[in-house]
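Please read this briefing alongside the sequence and the model.

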Amino acid sequence: MATYEGGDPDDWDVMRHNQNNVQSGNNAGWIALRDLVNQSSGTYVQTQAGYDAVKQVLDVENLCDYMIMNLFTGFSYDWPGSNWYSADDRATPGAKWKMYSWDAEHSLKDVNQNSTGFSTNGSPARLYHRLRQNEEFKVLFGDRVHRSFFNGGPLYVNPQSPAWDPQNPQNNRPAALYAQLANEIEDGIIMESARWGDAFVTSGPPYTLDNFWMVERDRILNQYFPQRAGIVLNQFRNIDLYPNVDAPVFSQHGGTVPAGFTLTASGPAGGTIWYTLDGSDPRLQGGAVSGAAQTWIGPVTLIQSTTVKARTLVGNDWSALNEAPFLVEGISVNELLAKNVNGIVD
């Protein structure tokens, strides 16, 4: 932990499998976090005060990403009752508990696997289970889902072209990532087969690259990944962890653009797109519109590097946050004047 995250090795509390399996340090902080989310049968963290208390000691964004990854891959059987790590640097101010994936071989099996209801006490899944009763955590979780499932994120699958095509890897990002890793170890599989291929076979052929490894690899690439993203997104929607209101779509999702670039956005019918250019969220805690937010009523001109953040509001329902960083290339004063952007630039 110190090698990857920093700090002194003696200051790390590291848990594995369950709340009593201490790998380093002690479990006092982890037990305190467990008790906090379980306080008053879990109703305390439904309040803003309870959620704020949790955020003081738990990296909630990390928890969201950890759970999204495990729920997407359909991790089950020996998780979350075991096969996880959590760690915290108790001596560094501001350090918080984080979750780490470990030994997740029981995954990528049933394309319809639904693990969203898992809640083993003392595990990361219990933290998630309790916190998903809090409205602000649900908003955050939906935002993290959007980052992963849309705009080329690591779990993005193009609904118009979901099939795995090595010539167009951008259409199925999880398959592309998996294929890259599979290709890296393929030669090693031959040697592993020679060593272990018949170790547990009492009849029939041994496990080999051709008759087992490639068959399973191709099932995951061609059957699992093309369907899984849509299935899991609906699982999240069904338990209110991803909004039914569609997020805005930018005409270009970030990148380097010339000064004066005009960005457009589209959203669902009947909705209002609210956006900011100062890095803040258009939605305030509790659901009100931020005073820094503007209504997207036409193309937005970008004259300096910024992160555009936008949400769709339909009635009282917000979409997930869509955000994209833009790097605006340099521009001279004369060019600014020529572009007639008075009122946009101080």
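The points below are grouped by topic. The model is predicted. Its largest nonpolar core has 55 residues, and a second, separate core has 15. Two helix pairs are described here, α4 with α6 and α2 with α5.

**Helix pair α4 and α6**

- Helix α4 covers residues 60–72 and helix α6 covers residues 135–149; their axes come within 10 Å and cross at roughly 55°.
- An angle of 65 to 115 degrees would count as roughly perpendicular and one under 35 degrees as roughly parallel, so α4 and α6 are oblique to each other.
- The two helices, α4 and α6, cross in a right-handed sense.
- On the α4 side, the contact is made by Val 60, Glu 61, Leu 63, Cys 64, Asp 65, Met 67, Ile 68 and Phe 72.
- On the α6 side, Phe 137, Leu 140, Phe 141, Arg 144, Val 145 and Phe 149 take part.
- By residue class, this contact of α4 with α6 holds 11 nonpolar, no polar and three charged residues.

**Helix pair α2 and α5**

- The axes of α2 and α5 come within 9 Å, with a crossing angle of roughly 30°.
- Angles under 35 degrees count as roughly parallel, and α2 and α5 are therefore roughly parallel to each other.
- The crossing of α2 past α5 is left-handed.
- From α2, the residues Trp 30, Leu 33, Val 37 and Asn 38 meet Pro 124, Arg 126, Leu 127 and Arg 130 of α5.
- The contact of α2 with α5 is made up of five nonpolar, one polar and two charged residues.

**Burial of α2**

- The buried residues in α2 are Trp 30, Ile 31, Leu 33, Arg 34, Leu 36, Val 37 and Asn 38.
- Among the elements covering these buried residues of α2 are the strands β1 (12–16), β3 (84–89) and β4 (98–101).
- The helices α3 and α5 also belong to that cover over α2.

**Nonpolar cores**

- Leaving out residues up to four places away in sequence, Phe 225 touches Phe 72, Leu 108, Val 157, Asn 172, Pro 174, Ala 175, Tyr 178 and Ile 220.

- Asp 187 sits in helix α7, and its relative accessible area is 59%.
- The cut-off for exposed is over 50%, so Asp 187 is exposed.
- Asp 187 and Ala 2 are 185 residues apart along the chain, and their C-alpha atoms are separated by 33 Å.
- Arg 217 belongs to helix α8, and its relative accessibility is 13%.
- Buried means under 20%, so Arg 217 counts as buried.
- Apart from its neighbours within four places in sequence, Arg 217 is in contact with Tyr 178, Ala 182 and Glu 186.

**Backbone geometry**

- Most residues other than glycine have a negative phi, and most peptide bonds are trans.
- Ser 40, which follows α2, has a positive phi near 55°.
- Ser 41 is not a glycine either, yet has a positive phi of about 60°.
- The position of Ser 41 is in the loop between α2 and α3, where Ser 41 is exposed at a relative accessible area of 60%.
- Leu 108 also has a positive phi, near 60°, and lies in the loop between β4 and α5.
- With a relative accessibility of 13%, Leu 108 counts as buried.
- The peptide bond from Trp 79 to Pro 80 is cis, its omega being near 5°.
- Pro 80 is located in the loop between α4 and β3.

Key. Residues numbered from 1 in each chain as written. Predicted model: local features only at pLDDT ≥ 70, side-chain atom pairs only at ≥ 80, totals over all residues. Heavy atoms only, no water. Axes fitted to C-alpha atoms, helices over the stretch in contact; angles between N-to-C directions. Helix = DSSP H or I, 4+ residues; strand = E, 2+ residues; numbered from the N terminus. Parallel < 35°, antiparallel > 145°, perpendicular 65-115°, else oblique. Left-handed = near helix turned anticlockwise from the far one by under 90°. Contact = heavy atoms within 4.5 Å. Nonpolar A, V, L, I, M, F, W, Y, C, P; charged D, E, K, R; others polar. Core = buried A, V, L, I, M, F, W, Y, C linked by side-chain atoms within 4.5 Å. Buried < 20%, exposed > 50% of the residue type's maximum accessible area, 1.4 Å probe, protein only.
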